[in-house]
Amino acid sequence: MVYLDHAATTPMLPEAIEAMTAALAVVGNPSSIHSAGQQAKRLLEESRERIAATLGVDGIEIVFTGNGTEAVNLAIKGLWWQRRGAGGADRSRILVPAGEHHATIDTVDWLAEHEGAEIVEIPLDEVGRVRLDVLAAELADAETVALVTMLWANNEVGTIQPVEEVARLAARAGVPLHVDAIAAYGQVPIDVRALRRATEAPRGAGLVALSVSAHKIGGPAGIGALVLDRSAAVEPLIHGGGQQRKVRSGTQDVAAAAAFAAAAEIVAARLDDDATRMAGLRDRLIAGVVEAVPTARLSGDAGPGASARLPGNVHFSFPGCEGDSLLFLLDAAGVAVSTGSACQAGVPEPSHVLMAMGRSESDARGALRITLGHASTEADVDAFLAALPAAHAQAAKAGLAGRATSFDR
Ligand SMILES: Cc1ncc(COP(=O)(O)O)c(C=O)c1O
């Protein structure tokens with residue numbers, strides 16, 4: 001099997017497996033006072049510090065969660081509940097770009113439905129970048145804004161957002177910003193402290209919260225983290241033993257944290273080399289698809305050097321084909337890729353990201369996401385390119401037949 005779906009999850013690094021296996025043998029609850037507990041606590045806190053160093057923050061600012069989705073929920077709901085009525089204000093607006101991950105979309109929709117939040121959707125341009133002019137205009141009425149939340153990089157089309165500009169706008173408006181960096185972590189440099197400094201963020205405003213997830217960088221599934229600036233407060237979602245600054249109660253997973261730290265350190269150390277290597281493979285893949293299927297349309301940033309595109313992301317629409325047909329045909333040929341978009345109750349949905357970028361429903365249905373990881377090779381790219389023409393021809397035939405059937409009706 002050629003695996004080209006690293007954005008969904010990427011294999012654990014051997015060093016992470018080793019760290020996790022060793023840590024599983026450590027006895028003790030890190031909250032216990034005795035020496036066994038303290039040994040577990042040492043390992044946990046060391047891991048927290050090591051992860052923090054890869055994100056430019058201190059260990060105390062890392063809140064471990066059960067996954068990336070929980071980190072996003074904690075940031076958005078936690079900031080919203082904290083800010084909504086603080087100081088007698090009425091801050092019920094959440095500014096959120098179109099085309100976000102469902103962890104964000106479903107969270108803000110829930111707040112709108114159950115808690116009276118007003119969601120203000122900021123449009124995207126044609127490559128998937130947030131419209132800064134619209135965001136700035138909405139922030140003019142800063143007193144009514146609870147928070148801004150945004151992806152660092154889009155998990156479907158790989159577009160890297162102008163995070164520094166958004167953080168600066170939020171800082172100037174005195175509004176907190178949460179960034180979902182789950183797709184970006186390990187592929188682009190992230191330095192939260194430097195970004196706060198560069199954007200002159202006051203206490204509690206600008207970039208204050210950032211979500212990451214271990215299984216996207218070669219760590220285990222089942223652990224994520226919310227980077228929460230010291231100056232920011234969130235309402236906890238889980239109550240109990242008061243662990244982690246009372247922000248996220250519950251006994252912490254020492255072994256998963258140790259494995260997360262091992263992966264984070266390796267990925268950070270190799271970031272520049274890996275990004276250059278992956279971008280080379282990405283561009284080879286893009287050129288190969290354009291040659292094999294001239295009607296295919298690349299989504300996201302295709303500018304010189306594609307500087308606003310994640311180095312591991314390729315995303316094409318194949319007009320006249322269903323993305324799902326292509327996915328199944330390629331899978332049968334031994335190549336694992338993704339449509340990038342969600343299914344609702346088993347029915348494939350057109351990509352909401354492409355729709356937000358102004359693309360047609362047919363483009364949004366015929367999308368395929370091919371994502372590279374640290375272990376991807378030229379041979380993987382070539383295997384995909386070898387399997388594509390036959391899969392495309394068959395999917396196009398099925399697409400035509402589908403249209404004929406719907407005319408007949
Ligand atoms: C951008 C983005 N946000 C959130 C998530 C959810 O993370 P997790 O799978 O760790 O819950 C993902 C994973 O697909 C993602 O890509």
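Biologist: Which residues lie nearest the centre of the second largest pocket, and how many residues line this pocket?

Modeller: In this predicted model, the second largest pocket is lined by 14 residues, and those nearest its centre are Lys41, Glu45, Arg48, Gln244 and Gln252. Its volume is about 220 Å³, and helix H2 (residues 35-55) gives the most to its lining, with five residues.

Biologist: What makes a residue of that lining count as charged rather than polar, and how many fall in each class?

Modeller: Asp, Glu, Lys and Arg count as charged, so Lys41, Glu45 and Arg48 belong to that class, whereas Gln244 and Gln252 count as polar. Over the whole lining of the second largest pocket there are four nonpolar, five polar and five charged residues.

Biologist: What is the volume of the largest pocket, and which residues are closest to its centre?

Modeller: The largest pocket has a volume of about 690 Å³, and of the 40 residues that line it, Ala7, His101, Asn155, Lys216 and Arg369 are the closest to its centre. Helix H3 (68-83), helix H4 (102-115), helix H10 (352-356) and strand S14 (367-371) are the elements that give two or more residues to this lining. By class, the lining of the largest pocket divides into 13 nonpolar, 21 polar and six charged residues.

Biologist: How do you know that both domains take part in lining the largest pocket?

Modeller: Domain 1 (14-264) and domain 2 (272-408) each provide at least three residues of that lining. The centres of the two domains, taken over C-alpha atoms, are separated by 29 Å, and 24 residues of domain 1 are in contact with 26 residues of domain 2. Contact here means heavy atoms within 4.5 Å.

Biologist: Why are helix H5 and helix H6 described as roughly parallel?

Modeller: The axes of helix H5 (residues 132-139) and helix H6 (residues 163-173) come within 10 Å and cross at roughly 10 degrees. Angles under 35 degrees count as roughly parallel, and therefore H5 is roughly parallel to H6.

Biologist: Which residues of H5 and H6 meet, and what classes do they belong to?

Modeller: Leu132, Leu135, Ala136 and Leu139 in H5 meet Glu165, Val166, Leu169, Ala170 and Ala173 in H6.

Terms used
Residues numbered from 1 in each chain as written. Predicted model: local features only at pLDDT ≥ 70, side-chain atom pairs only at ≥ 80, totals over all residues. Heavy atoms only, no water. 1 Å grid on protein atoms, 1.4 Å probe; cavity = no way out; pocket = protein on both sides within 12 Å on 5 of 7 lines; lining within 4 Å. Points joined across faces, edges and corners; volume = space filled by probe spheres on them. Helix = DSSP H or I, 4+ residues; strand = E, 2+ residues; numbered from the N terminus. Domains from an automatic or database assignment. Axes fitted to C-alpha atoms, helices over the stretch in contact; angles between N-to-C directions. Parallel < 35°, antiparallel > 145°, perpendicular 65-115°, else oblique.
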